Amino acid sequence: MRTYIKPSMIALALVASQANAAGYQLAEQSATGLGRAYAGEAAIADNASVLARNAGAITRLNAPTVSGGVIYLRPDVNISGQVQDITGTKGANADDIADAAWIPNLYFVTPINERLSLGLSAASQYGLGIEMPQGYDAGHFGNISDIRTVDLGMALAYRLSDMLSVGAGLSLVQGEGEVGGTYPTTLTNGQSVIAKHVKGDGSELGWNAGILLTPTEQTRIGLSYRNGVNLKLKGDATVSKPVAPGKFVTINDEGSLVLPLPATSELAFYHALNESLALHGSLSWTDWSKFESLTANLDRLGTLPIKEEHWEDSWRYSLGMTYQLAPKWQLRSGLAYDQSPVPADRRTISIPDADRIWYSAGLGYRYSDALTVDLGLTFIDGKRVSVHESLSQPVVINGQPMTYRSDFNGYSEGDAWLAGVQASYRF
C-alpha cells in the first residue's frame, strides 16, 4: 500500500478495535472514569485524565501530575439472519465478529504558575473493528469495517477566579481505516471475490475548549466541546467488475476516503453531599448527523460509493456515585444510557449499532499522598435489533446483462465487558 502519512509508533500502540460508545465513538479514556460510567467526567478532575474531557478543569491539579492506564475490552457482537437472491435463501449468521482490544491512555498536567496550567495527552476517541468470516454469504453488505485512531493533544487552562476556569487545546488525530465488501457467493461459484476494498491512513488537526464553574467547594459544573474533523485517509483501493458469469476483472487504484469524526459536547456536574458521598452525572451530545455516506475518490476510477449511512445526532445520559469508604479507599459506581445514532431503517451489519446501557463499578486506593491506583469494571448491555438491507447491482448471468438484487433480513446484537487499571502520580 502506498501511504502518504504513516502513523507514528505511538499511534500504532494507541489503537482501538471495537467502539463501545455510539457508532464508532470511544468513551474509554481512563479506567478511573470507567468505574463510574464516565458520569461527571468533565467536572470531577480527580487526576490528569480529565484532560480528555475538559481542558478547563486541569487547573484543579495544583502540582505536576501524570496519569496512565489501560482498558481491556472484550466484545461479543453477533449477526443472525438470512440473505435472499435469485437462487433462493441462505443462512447468514456470523458470531463474534469483533476482536478483543487493549486501549491505553497517558496524560500529564502541570501548573505553569498560580493561574495557568499545561496538559499533554495521548488517547483514542474513535475506533471500530468488524470483520466477517471468510466466505460469508452476506459479505456484499460489508465484510470489513476497521477504524483505528489516536489523539495526541496539548491544552492550556487559565483560572480567571476561584469560581471560573477556562481552557482550550489542539489535537493531532492520526488514523488508519479499512472498509470493503465482497461479491455474493452466488455469482462467484462460492469463492470470496472482492467487490470494493479501500485502505489508507492520514491525520487531521482538531481543537477543543471547556470551562469549569465552581460555585462552592462542594459543587462543580463542567462544559466542554470538541470539534469535528473530516479525517482524509489516503491509500489503495481494489475494485472488481463482472465481465462474464463467474468471471471478474480486478482493478487496483489509489485515492482517498473521507471519514467523518463528529463534534462532541458534554455538560457535567459534581456535588459532594457530605465528606463521604458525592453524586455526579453527564449529558453528552455527538454530531453524528454529519455522517451521511462513505465515498472514495480514486485516481483512475473517480468517485466510488461505499455505503449510504444518514445517521442522526445522539445523546448519552449518565449518573454516578462516589463513596469514600476509608481515608485510603474509594468506591465508585455508575449507570449510563447510550443512544444509537443509526435510524432503524439505516441499520447495517457492517457497523452494528443499537442503544445500550452501561453498568459500572470502580475502586480507588491511595497508596500515599503521591500515588493512587484505580480499578474499573463495566458491562455494556446492547439491545438486540432488527436489520434489513438491500443491494442492487449490474451483473452478467448466462451471458446476459441484468440487475442482481439481494436482501438481508436478520438481527444484530452486541454486549461487552471492560476492565481497566489507572495509576496517577502527583509530584
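Predicted model: local features only at pLDDT ≥ 70, side-chain atom pairs only at ≥ 80, totals over all residues.
Start with the rings. A pair of aromatic rings is described by how far apart the centres are and by the angle between the planes. In this structure, the count comes to 17 aromatic pairs. Take Tyr 183 and Phe 248 as one of them: the ring centres are 4.6 Å apart and the planes meet at 40°, so the pair is tilted. As for where the two residues sit, Tyr 183 is in the loop between strand 7 (164-182) and strand 8 (194-216), while Phe 248 belongs to strand 11 (residues 247-261). These parts are 65 residues apart in sequence, so the pair ties them together. Are the two partners buried or exposed? Tyr 183 is buried, with a relative accessible area of 6%. Phe 248, on the other hand, comes out at 21% relative accessibility and so counts as partly exposed, because buried means under 20%.

Another tilted pair is made by Trp 207 and Tyr 225, with 5.5 Å from centre to centre and 45° between the planes. Here, too, distant parts of the chain are linked: Trp 207 sits in strand 8 and Tyr 225 in strand 9 (residues 219-226), 18 residues apart. Trp 207 is partly exposed, at a relative accessible area of 41%, and Tyr 225 is also partly exposed, at 33%.

Aromatic residues also turn up as a group. Tyr 24, Tyr 126, Trp 288, Phe 291 and Trp 311 together form one aromatic cluster.

Rings can have charged neighbours as well. Over the ring of Trp 358 sits the charged end of Arg 316, 4.5 Å from the ring centre. With Arg 384, the ring in question is that of Tyr 411, and the charged end sits over it at 4.0 Å from its centre.

Now for the strands. Strand 1 (residues 65-85) and strand 3 (residues 101-111) run antiparallel and are joined by nine bridges. Gly 68, for example, has Leu 106 of strand 3 as its bridge partner. Strand 3 is also joined to strand 4 (residues 116-123), again antiparallel, this time by six bridges. Val 109 has its bridge partner in strand 4, namely Gly 119. What joins strand 3 to strand 4 along the way? A hairpin does, and it passes through four residues.

Key:
Residues numbered from 1 in each chain as written. Heavy atoms only, no water. Phe/Tyr/Trp six-rings, centres within 6.5 Å; stacked < 30°, edge-to-face > 60°. Buried < 20%, exposed > 50% of the residue type's maximum accessible area, 1.4 Å probe, protein only. Lys NZ or Arg CZ within 6 Å of the ring centre and 35° of its normal. Pairing = 2+ DSSP bridges.
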